[in-house]
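Thank you all for making the time this morning. I would like to walk through one model with you, going element by element, and I will ask a few questions along the way.

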Amino acid sequence: MGTTFIFTVITLSVLGLLLAVVLFLVAKKFNVEEDPLIDVVEATMPGANCGGCGFAGCRAFAEACVKSRSLDGKFCPVGGNAVMQKVAAAMGVQAEEKAPMVAVVRCNGTCQNRVRVNEYDGSVSCRIISSLYAGDTGCRFGCLGGGDCERACPFGAIKVNPETLIPEVDEEKCTACGACVRACPKGVIELRNKGPKNRRVYVSCMSQDKGAVARKACSAACIGCRKCEKVCPFGAITVENNLAYIDFNKCKLCRKCVAECPTGAIHAVNFPPKPAAAPAEEPKTDKQ
Amino acid sequence: MRRTFSMGGVHPHDCKISADSAIETFPLPQRMYISMSQHLGAPAKPLVQKGDKVRTGQLIGASAGFISANIHSSVSGTVAAVEPYTDLAGNPVMHVIIDVEGDEWEESIDRTPDIVRDITLSPAEIIKRIADCGVVGLGGASFPTHVKLSPPPGKKAEFLIINGAECEPYLTSDYRLMIEHAEEVLLGARIMMKALGVVEGYIGIEDNKPEAIKKMRELTASSYPEIKVVSLRKKYPQGGEKQLIDAVTGRRVPSMGLPIDAGVVVQNVGTSFAVYEAVQKNKPLFEGVMTVTGECLDSQHNFLLRVGTPFEKILEAVGGVPQKTAKIISGGPMMGKAVANLSAASVKSTSSLLLLTEKQTKRMEESECIRCGKCVQACPMGLEPYLLNKLARAGRMEDLEHNKVYDCIECGCCMFTCPAYIPLLDYIRTAKADVMRIMRSRPKK
């Protein structure tokens with residue numbers, strides 16, 4: 001009994017020692033030299049692994065930064081400028097400042113504005129709907145309401161409103177990683193400048209149909225009338241294919257276009273409400 | 001032993017309630033909407049302008065590429081517009097819109113009812129005539145027939161198979177053609193065999209159509225000995241090219257391959273009839289047989305219908321849409337497409353309008369996969385639909401490719417058989433399109 005016990009302990013100890021030596025040698029032989037800077041940079045990252053930077057995850061981004069020794073064209077939308085400053089400091093380079101962005105849903109085809117012309121009872125996924133047909137409304141450009149963006153968002157920042165069937169973005173949570181932009185088969189979602197005090201002006205429509213057709217399908221559609229293009233003092237608005245687009249780099253938020261738009265397709269968000277004692281002013285749309 | 005394909009398949013109720021309705025000629029509507037995209041491949045180029053006078057059978061859309069087809073006017077009258085018009089899926093497609101005036105046919109078309117039996121044209125002339133007349137495959141995919149009859153160099157067809165399976169429930173247009181125009185169908189087959197240079201032909205018919213089999217057997221025995229009639233055990237999707245080839249000849253089309261890789265060319269009964277009319281009567285493809293059916297309709301119909309007739313006119317003619325209708329489908333219930341826009345018009349390959357009730361179309365609530373393996377048993381291509389569905393939902397494109405999602409023929413057997421009501425095909429079809437796009441975008445070796 002005693003000998004068996006001692007024998008077992010000795011064999012296992014010797015075996016353990018031998019294997020430890022083997023492991024040590026193998027680890028020496030196949031050692032991968034890695035820049036310790038990668039770990040430092042990775043530690044400064046948010047760790048969301050969302051892929052918003054265009055790399056497979058935070059570590060891949062850190063590797064790419066360290067390998068190229070520069071931050072040109074690399075930006076972590078989740079961490080924003082604060083994180084990029086830290087990354088730049090760790091690497092000893094300069095980070096370029098970028099204006100923060102936010103996802104914007106460019107469709108206001110709510111159940112009220114856009115009449116349903118048929119009933120869809122298949123699988124609820126925008127990708128599937130758009131591969132099958134034009135959608136359950138008269139507009140084939142707008143939001144399908146299937147919620148692919150909601151499922152794609154790693155931050156829970158975009159949710160389809162069950163009443164309007166249009167997704168809404170939570171500005172606090174949105175990191176502008178672009179996952180929803182890639183998920184949307186209709187290209188309705190765009191990343192736009194967050195703007196000073198989160199104030200933004202944008203065209204909330206994607207319809208390239210001619211005015212009458214677009215208007216018939218949706219009461220909040222851009223009809224391509226070019227009134228906004230004419231009124232804009234900064235040349236920020238272009239109308240192409242019956243659809244207006246506001247260049248957020250040129251827009252100075254004067255909101256002349258908002259008052260001019262006959263269908264209310266241009267939205268101005270986060271502006272303080274105008275005092276009621278200004279009846280000369282046109283009423284403006286102030287919704288998200 | 002009756003033959004059928006070896007792998008998978010399901011047995012939906014065949015519901016051929018319109019089988020005994022003889023083909024009726026549908027009256028001409030006032031306005032025709034002729035799509036320029038009635039075939040696989042590049043849309044045809046419109047040749048007419050607003051205000052032009054056209055005659056029945058006149059070329060109005062020219063083939064625009066190797067895989068494309070000519071389009072002919074199905075009526076005589078004045079062109080009202082050449083503009084995008086909404087198709088059945090709600091997307092705008094270029095259409096020639098014609099206001100109908102009388103019915104004046106091109107003089108080159110032989111309108112006599114006599115059957116022309118002598119095939120005088122040479123193989124090259126036959127293929128040219130088929131291309132000129134805009135004949136496309138009427139089995140569903142609308143692949144231009146002249147392309148199918150010109151095998152790529154180095155490949156040789158050994159057999160021609162005429163597809164008379166009509167495995168989709170409800171559809172009876174091919175059946176009526178085989179009963180009423182049996183000899184023309186066989187002549188069409190003989191013409192295509194001449195064009196291909198093959199001496200052996202088959203016509204595969206499912207055994208739920210005994211009259212068609214009997215009629216074809218009588219005719220082939222007396223005057224068409226080169227064509228053999230094969231009676232097939234009823235099973236869906238027998239009418240799929242690869243399944244039909246397996247059922248009739250026992251050959252297998254390789255993965256990613258075409259029927260010609262197995263030495264076979266498959267053509268539908270309707271196509272065969274259209275080929276006969278094009279080659280022997282010089283009549284372009286501008287009309288075809290269409291089934292209008294459904295339990296909720298009072299009467300069942302098989303119409304000889306001109307291309308471009310709006311669906312709403314067809315439904316008006318059968319007494320309007322009954323109250324009980326929940327879904328209108330163009331094509332069969334298994335692979336057809338729901339019509340999202342009733343003002344859309346019929347195209348060359350529109351084989352049916354099917355009116356289904358709420359009870360028949362209701363999608364049951366999806367539940368978890370119970371790993372019963374029914375979908376694997378049912379898949380006629382030997383795929384694993386449950387796995388493809390999971391991979392598709394997770395967006396794993398490489399794994400989808402390894403599991404041969406591109407072999408899916410979108411027959412819907414998996415979804416039909418699933419006891420958990422999982423919409424397998426919805427996800428697989430979208431994933432297949434994505435994987436095919438990725439594969440095509442790769443540089444060629």
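Let me begin with helix α14 of chain B, and with the question of whether its 18 residues span the length they should.

Which residues of α14(B) are buried? They are B:L424, B:L425, B:D426, B:Y427, B:I428, B:T430, B:A431, B:K432 and B:V435, a list that holds B:D426 and B:K432 as well as B:L424 and B:L425. As for what these buried residues pack against, their partners in chain B are α10 (374-378), α11 (385-394), α12 (397-402) and α13, and they also pack against α5 (126-132) of chain A. An α-helix has 3.6 residues a turn, so residues three or four places apart point the same way.

In the loop between α13 (413-417) and α14 (424-441) of chain B we find B:Y421. Is this tyrosine buried or exposed? B:Y421 counts as exposed, because it has 12 C-beta neighbours inside 10 Å and a residue with 12 or fewer is placed in that class. Leaving aside residues up to four places away in sequence, B:Y421 touches B:M364, B:E365, B:E366 and B:S367; with B:S367 the separation is 54 residues in sequence, while the C-alpha atoms are 6.6 Å apart in space.

On the contact between the two chains, chain A contributes eleven residues and chain B contributes ten residues. On the chain A side, these divide into three nonpolar, five polar and three charged residues.

Turning to the parallel sheet in chain B, four strands form an open sheet in the order β11-β10-β9-β12. Its edge strands are β11 (227-232) and β12 (264-268), each of which pairs on one side only, and neighbouring strands are turned by 25° against each other on average, direction ignored. Within this sheet, β9 (residues 159-164) and β12(B) pair in the parallel sense over five bridges, and B:I161 stands opposite B:V266 in β12(B).

Two helices of chain B belong with this sheet. Helix α5 (residues 210-223) of chain B lies across β9, β10 (200-206) and β11, and runs at about 160° to β11(B). The other is α6(B), whose buried residues pack against β9, β10, β11 and β12 of chain B. Eight of the nine residues of α6(B) are buried, so this helix is largely enclosed by the rest of the structure; among them are B:E241, B:K242 and B:D246, along with B:L244 and B:I245. The loop between β11 and α6 (241-249) of chain B holds B:P237, which is joined to B:Y236 by a cis peptide bond with omega of about -5°. Just after α6(B), B:G250 takes a positive phi of about 80°.

Which way do its residues point? A:M101, A:A103 and A:V105 point one way and A:V102 and A:V104 the other, and all are buried. Five bridges join β1(A) to β4(A) in an antiparallel arrangement, and A:V105 has A:I189 as its bridge partner in β4(A).

Two residues of chain A have phi near 60°, a positive value in a residue other than glycine: A:A176 and A:N198. A:A176 lies in the loop between β3 (167-169) and α7 (179-183) of chain A and is buried, because 24 other C-beta atoms lie within 10 Å. A:N198 is found in the loop between β4 (189-193) and β5 (200-203) of chain A, and with 13 C-beta neighbours inside 10 Å it counts as partly exposed.

I will finish with confidence. Chain A has a mean pLDDT of 89, and 95% of its residues reach 70 or more. Over residues 278-288 of chain A, however, pLDDT stays under 50, and the model has 16 contacts beyond four places in sequence for this stretch. Where pLDDT is low, the predicted coordinates should not be read in detail.

Definitions and conventions:
Residues are numbered from 1 along each chain as its sequence is written. Chains are lettered from A and ligands numbered from 1 in the order in which they are written. This is a predicted model: local features need pLDDT of at least 70, side-chain atom pairs count only at pLDDT 80 or more; totals for chains, interfaces and linings use all residues. A residue is buried if 20 or more other C-beta atoms lie within 10 Å of its own, exposed if 12 or fewer, and partly exposed in between; C-beta atoms are placed from the backbone. Two residues are in contact if their C-beta atoms, placed from the backbone, lie within 7 Å. Ala, Val, Leu, Ile, Met, Phe, Trp, Tyr, Cys and Pro count as nonpolar, Asp, Glu, Lys and Arg as charged, and the others, Gly among them, as polar. The expected span of a helix is 1.5 Å times one less than its number of residues. Two strands pair if DSSP finds at least two bridges between them. Axes are lines fitted to C-alpha atoms, for helices over the stretch in contact, and angles run from 0 to 180 degrees between N-to-C directions. pLDDT is the predictor's confidence in each residue, from 0 to 100.
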